[in-house]
Amino acid sequence: MSSLPALIDCILSLNNNIATLTFNRHDVRNALTSTAIADDIVNTVEWINKTPEIAVLIITGAGSAFSSGGNIKDMAERAGDFAGDVQELERRYREGIQRIPLALHKLEVPVIAAVNGPAIGAGFDIANMCDIRIASTKAKFGETFVNLGIIPGDGGAWFMQRLIGYQKAAELTFTGRVIDAVEAKAIGVVLDVTEPESLLAKVNELAGEIASKPVASLRLTKRLMKLAQRTELPDFLDICAVFQGMCHNNPEHLSAVNTMIEKLAK
């Protein structure tokens with residue numbers, strides 16, 4: 001396995017074939033602007049995609065917040081990522097925060113968000129970009145852009161409606177209402193809610209179950225799940241046939257089949 005990428009504002013750790021990326025700017029509630037978190041996410045995804053041993057990525061935040069999204073002080077001062085005219089801001093968004101959804105969209109392994117605290121604005125959107133979300137009881141979620149007179153410039157409007165349906169996504173986006181973890185579970189934003197002290201253990205238990213599967217087929221299955229969202233059925237079935245041929249010719253498949261036969265024989 002290649003050495004871990006050098007990160008600036010995040011910590012990347014490994015537990016066997018499970019990687020955990022922790023946003024480590026709790027001084028600004030893990031804001032995604034005016035920090036290097038976006039760079040760190042992109043670098044982590046690129047490293048994982050080139051490291052076939054990795055099976056699962058967990059994303060979480062250090063401190064009290066998962067992520068507060070954009071830095072409001074910079075917004076008020078028209079500074080940092082929010083400085084400049086229309087063309088300059090367009091460039092900053094494309095070269096800045098918009099790299100996060102593009103990176104996570106092409107991530108080849110399942111990704112679980114361990115939402116330890118508030119996930120607000122673009123922080124909420126990052127959680128929605130993950131395959132699975134498990135929340136602490138201290139978590140809160142808000143698509144709060146309209147409260148600040150802006151729009152979800154990171155693609156949040158694309159992700160949320162695919163997760164919970166257009167009508168509920170519209171209500172949350174148009175009102176900027178902040179919801180707690182219980183409501184987030186009820187409407188399908190999160191898979192489960194747990195006490196703060198149990199969050200990472202619960203997420204790692206799920207990650208471990210996923211990571212125990214043959215990694216090559218797991219990565220192909222993740223690609224298929226993404227392809228299914230944008231491919232017509234006849235074309236999708238053609239891709240499935242090719243991917244299945246790849247799996248049947250992978251040593252992992254024969255090993256898994258033999259293990260299953262041994263279990264059934266007991």
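## Helix α4 and its cover

In this predicted model, the buried residues of helix α4 are covered by elements that include α1 (37–49), β3, α5 (122–129) and α6 (156–164). Helix α4 itself takes in residues 99–106. Its buried residues are I100, P101, A103 and L104. They cover an arc of only 165° around the axis, which puts them on the same side of α4.

## Helix α9: one face in, one face out

Helix α9 covers residues 199–211. How far apart are its end C-alpha atoms? They are 18 Å apart. The 13 residues, at 1.5 Å a residue, should span 18 Å, so the two values agree.

The buried residues of α9 are L199, V203, L206, A207, I210 and A211. Seen down the axis of α9, they fall within an arc of 135°, so they line one face of the helix. An α-helix has 3.6 residues a turn, so residues three or four places apart point the same way. On the face of α9 turned away from the buried side sit the exposed residues A201, E205 and E209. The cover over the buried residues of α9 includes several strands, among them β2 (18–23), β3, β4, β6 and β9 (192–194). Helix α10 is also part of that cover.

## Strand β4: covered on both faces

Strand β4 runs over residues 111–115. Is β4 largely enclosed or left open? Five of its five residues are buried, so β4 is largely enclosed by the rest of the structure. Both of its faces are covered. V111, A113 and V115 are buried on one side. I112 and A114 are buried on the other.

Two strands pair with β4. Strand β3 (residues 56–61) pairs with β4 in the parallel sense, over four bridges. Strand β6 (residues 132–136) also pairs with β4 in the parallel sense, again over four bridges. I112 takes part in both pairings: I58 stands opposite I112, and I112 stands opposite I132 in β6.

## The β1–β2 hairpin

Strand β1 (residues 10–15) and β2 run antiparallel, joined by six bridges. I11 stands opposite T22 in β2. The two strands form a hairpin with two residues between them. N16 lies in the turn and has a positive phi of about 60°.

## A sheet of three strands

Three strands form an open sheet, in the order β5-β7-β8. The pairing in this sheet is mixed. Which strands stand at the edges? They are β5 (119–120) and β8 (178–180). Each has a single partner strand, so one side of each is left without a neighbour in the sheet.

Strand β7 covers residues 140–142. It pairs with β8 in the antiparallel sense, over three bridges. G142 stands opposite V178 in β8.

## Two residues of helix α10

R219 lies in helix α10, which covers residues 215–227. Is R219 buried or exposed? Its relative accessibility is 9%, so R219 counts as buried. Leaving aside residues up to four places away in sequence, R219 touches I48, N49, T51, P52, I54, E108 and V109.

S217 is also found in helix α10. Its relative accessible area is 24%, and S217 is partly exposed. With residues up to four places away in sequence not counted, S217 touches C247 and E252. S217 and E171 are 46 residues apart in sequence. In space they are 38 Å apart, C-alpha to C-alpha.

## The chain as a whole

The protein chain has 12 helices and nine strands. It has 266 residues, and 44% of them count as buried. Along its principal axes, the C-alpha trace spans about 65 × 45 × 40 Å. What is the radius of gyration of the protein chain? It is 19 Å, which agrees with the value near 18 Å that a compact globule of 266 residues would have.

Among contacts in the protein chain with a separation of 6 or more, 68% are between residues 24 or more positions apart. The accessible surface of the protein chain comes to about 13500 Å². Carbon and sulfur atoms hold 57% of that surface.

Terms used. Residues are numbered from 1 along each chain as its sequence is written. This is a predicted model: local features need pLDDT of at least 70, side-chain atom pairs count only at pLDDT 80 or more; totals for chains, interfaces and linings use all residues. Side-chain values use heavy atoms; hydrogens and water are left out. Buried means under 20% relative accessible area, exposed over 50%, partly exposed in between (1.4 Å probe, protein chains only). Two strands pair if DSSP finds at least two bridges between them. Contact means heavy atoms within 4.5 Å. The expected span of a helix is 1.5 Å times one less than its number of residues. The arc is that of the directions from the helix axis to the C-beta atoms. The radius of gyration is taken over C-alpha atoms; the globule rule is 2.2 Å times the number of residues to the power 0.38. Accessible areas come from the Shrake-Rupley method with a 1.4 Å probe; for residues, only the protein chains shown count as cover.
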